Amino acid sequence: MDHQQLINYGLKKTGADLRYPFDPETPVLFVANKMFALFGSFQGTPSVNLKADPDTVWLTRQTYPKSVYPGYHMNKRHWNTVLLDGSIGDSEILDMLDESYQLVCSKLPKSEKQRLFLP
C-alpha cells in the first residue's frame, strides 16, 4: 500500500477531497473541513497519520509495535502514525482509514452531515 493507493481509496468516500494545507509535498484527505488522513514520512519511511478511537488506540499500537506509533505531530490520544512499509496488510490499513473517516464524520455538525448526505 502506498500514498497514492490510499489517496485514491479515500477520495471515493462521500465528501472527501484532497488538499495541501501545509506544503505541496504533504497531501491531506479532508471531509468537510476536518482532516482524516495526513500523508508524509516517519523516520524516512512513507507513512500516514490516521484518527483512531481513543479507547482502543493502544491496541493497534501493541498489535503492530514496529509499524504503528502515536501520531507524529498530532494528538497522541486520537491519532496514529502508520508506516507504509508492507508490514501491515493492505486490508488492515484500509480498515484504519475507514475508521479514521468514520470517526471524523461522526463529529461533524448535523448541518455538514446533511449537506454531504452522511448518516
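Predicted model: local features only at pLDDT ≥ 70, side-chain atom pairs only at ≥ 80, totals over all residues.
**Overall fold**

The protein chain contains four helices and six strands, which follow one another along the sequence in the pattern α-β-β-β-β-α-β-β-α-α. Its C-alpha trace extends over about 40 × 35 × 25 Å along the principal axes. The radius of gyration is 14 Å, and because a compact globule of 119 residues would have a value near 14 Å, the chain agrees with that expectation. Of the 119 residues, 40% count as buried, while the chain exposes about 6800 Å², of which carbon and sulfur atoms supply 52%. Among the contacts between residues at least 6 apart in sequence, 48% join residues at least 24 apart.

**Nonpolar cores**

The largest nonpolar core holds 25 residues, and the members that touch the most other members are Leu6, Val31, Phe36, Ala37, Val48 and Val82. Two or more residues of this core come from each of helix 1, strand 2 (28-31), strand 3 (34-42), strand 4 (45-51) and helix 3, and the largest share, seven residues, is given by helix 3. Leu6 illustrates these contacts: leaving aside residues up to four places away in sequence, Leu6 touches Met1, Leu29, Phe39, Val48, Leu84, Ile93, Leu94 and Leu97. Another core, of five residues, lies apart from the largest one and includes Val28, Phe30, Met74 and Trp79.

**Salt bridges**

The model has three salt bridges, listed here with the distance between nitrogen and oxygen.

| Asp98 | Lys13 | 2.8 Å |

The salt bridge between Asp98 and Lys13 links distant parts of the chain, for Asp98 lies in helix 3 (residues 90-106) and Lys13 lies in the loop between helix 1 (3-11) and strand 1 (16-19), 85 residues apart. Asp98 counts as buried because its relative accessible area, 17%, is under 20%. Lys13 likewise counts as buried because its relative accessibility of 18% is under 20%.

Glu112 and Arg115 both belong to helix 4 (residues 110-115), where they are three residues apart, about one turn of the helix. Glu112 has a relative accessibility of 21% and therefore counts as partly exposed, a class that lies between 20% and 50%.

**A buried threonine**

Thr81 is located in strand 6 (residues 79-83) and, at 1% relative accessibility, counts as buried. Its side chain is joined to that of Asn49 by a polar contact of 2.6 Å. When residues up to four places away in sequence are not counted, Thr81 touches Phe42, Ser47, Val48, Asn49, Ser67, Val68, Tyr69, Pro70, Gly71 and Tyr72. Val48, which Thr81 touches, is also touched by Leu6 and is one of the residues of the largest nonpolar core that touch the most other members.

Note on methods
Residues numbered from 1 in each chain as written. Heavy atoms only, no water. Salt bridge = Lys/Arg side-chain N within 4 Å of Asp/Glu carboxyl O. Buried < 20%, exposed > 50% of the residue type's maximum accessible area, 1.4 Å probe, protein only. Polar contact = N/O pair within 3.5 Å; in protein donor to acceptor, adjacent residues only side chain to side chain. Contact = heavy atoms within 4.5 Å. Rg over C-alpha atoms; globule rule 2.2 N^0.38 Å. Areas by Shrake-Rupley, 256 points an atom, 1.4 Å probe, with all protein chains shown as cover. Core = buried A, V, L, I, M, F, W, Y, C linked by side-chain atoms within 4.5 Å.
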